[in-house]
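I opened this structure to look up one residue and its surroundings.

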Amino acid sequence: MINFNGDSNAQENMLTQNRAFLYGDAVFETLKIVQGKVLFLEDHYFRLMASMRILRMEIPMNFTMEYFEEQLLSVVKNNGFSDTARARITVYRNDGGYYLPTTNEISFLIHTSPLENQLYAFEKKKCEVDLYKDFYIGKQLLSTLKTTNKIIHVTASIYAKENALDTCILLNDAKNVVEVLHGNVFMLLGNTLVTPPISEGCINGIMRKQVLSIARKIEGLEVVEEVISPFDLQKADELFFTNVIRGVQPITKYRKKEFTTSIANRILEALNELVKTN
């Protein structure tokens, strides 16, 4: 027997031993699937494998990229999301132990939901942001992984809602810009497009990789991975953030500074061409 919401006679359930629930001992990938194809499949697969290795999880012999794709698409098909879907796969270490696990074997859970648009588009006419300074992201390798420990993002989301913001800019323990709640952040300063390096603690984003590749092909645009100070944001000409589900989304206002969206538009167009040929 356990106590569940005051019921001392409740029966055992899977959460009492689940390591993802108890310790955040899990990693995940969120993917976009369009007409039966997983966008950027190889990048997602190898990021997941790298994350599992870093966390000392045992990768099953059958967990190939083909198996990974097959499992994702089967859930999408079974749910009837034939055009466009969002899928999340959570990989967690199996039950057993306390901080020290009794096994490094894993299980996984996939769930999906429908999406409206196959191609990417700007979602809002405005997107106002500010800094979140209650808690900070550590400059370490673990911060770059998509683990199920997202409590900073949860508390920052609540802060954004309470302050009528569309998202928040997260800082690391050196007080430099890391990312926004929903993905990697980019700043245009003159003819230079800047994004924080992975060493600052930002998520090693799949869409970040695509945008860097696209931006480096734009004539006259210098692309660098450098530290961004909060003071730099006031001097920026343009800010936007990226993730696999939403693509490229402009930030239109930071405090009293408003921004243009010209480079974000060009990158969005090139990104959609990439999606059509993926």
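I began with the contacts of threonine 112. Leaving out residues up to four places away in sequence, threonine 112 touches Val75, Val76, Asn79, Phe81, Arg86 and Ala87. I was working from a predicted model.

Next I placed the residue. Threonine 112 lies in strand 6, which covers residues 106-114. Is threonine 112 buried or exposed? I read a relative accessible area of 14%. The cut-off for buried is under 20%, so threonine 112 counts as buried.

I then checked its side chain. The side chain of threonine 112 makes a polar contact with the side chain of asparagine 79, at 2.8 Å.

I moved on to the largest pocket. About 610 Å³ of space lies in it. I found 26 residues lining the largest pocket, with Lys146, Leu181, His182, Gly183 and Asn243 nearest its centre. Among the elements that give two or more residues to this lining are strand 3 (26-34), helix 2 (41-54) and strand 13 (238-243). Helix 5 gives the most, with three residues. I noted the make-up of this lining as eight nonpolar, 10 polar and eight charged residues.

Which element gives the most to the lining of the second largest pocket? I noted helix 4, with three residues. This lining divides into 10 nonpolar, seven polar and five charged residues.

Note on methods. Residues are numbered from 1 along each chain as its sequence is written. This is a predicted model: local features need pLDDT of at least 70, side-chain atom pairs count only at pLDDT 80 or more; totals for chains, interfaces and linings use all residues. Side-chain values use heavy atoms; hydrogens and water are left out. Helices (H or I, at least four residues) and strands (E, at least two) are DSSP runs, numbered from the N terminus. Buried means under 20% relative accessible area, exposed over 50%, partly exposed in between (1.4 Å probe, protein chains only). A polar contact is a pair of N or O atoms within 3.5 Å; within protein, one must be able to donate a hydrogen and the other to accept it, and residues adjacent in sequence count only if both atoms are side-chain atoms. Contact means heavy atoms within 4.5 Å. On a 1 Å grid over the protein atoms alone, a cavity is a set of points where a 1.4 Å probe fits but cannot get out, and a pocket is an open set with protein on both sides within 12 Å along at least five of seven lines; lining residues have an atom within 4 Å of a point. Grid points are joined across faces, edges and corners, and a volume is the space filled by probe spheres set on the points. Ala, Val, Leu, Ile, Met, Phe, Trp, Tyr, Cys and Pro count as nonpolar, Asp, Glu, Lys and Arg as charged, and the others, Gly among them, as polar.
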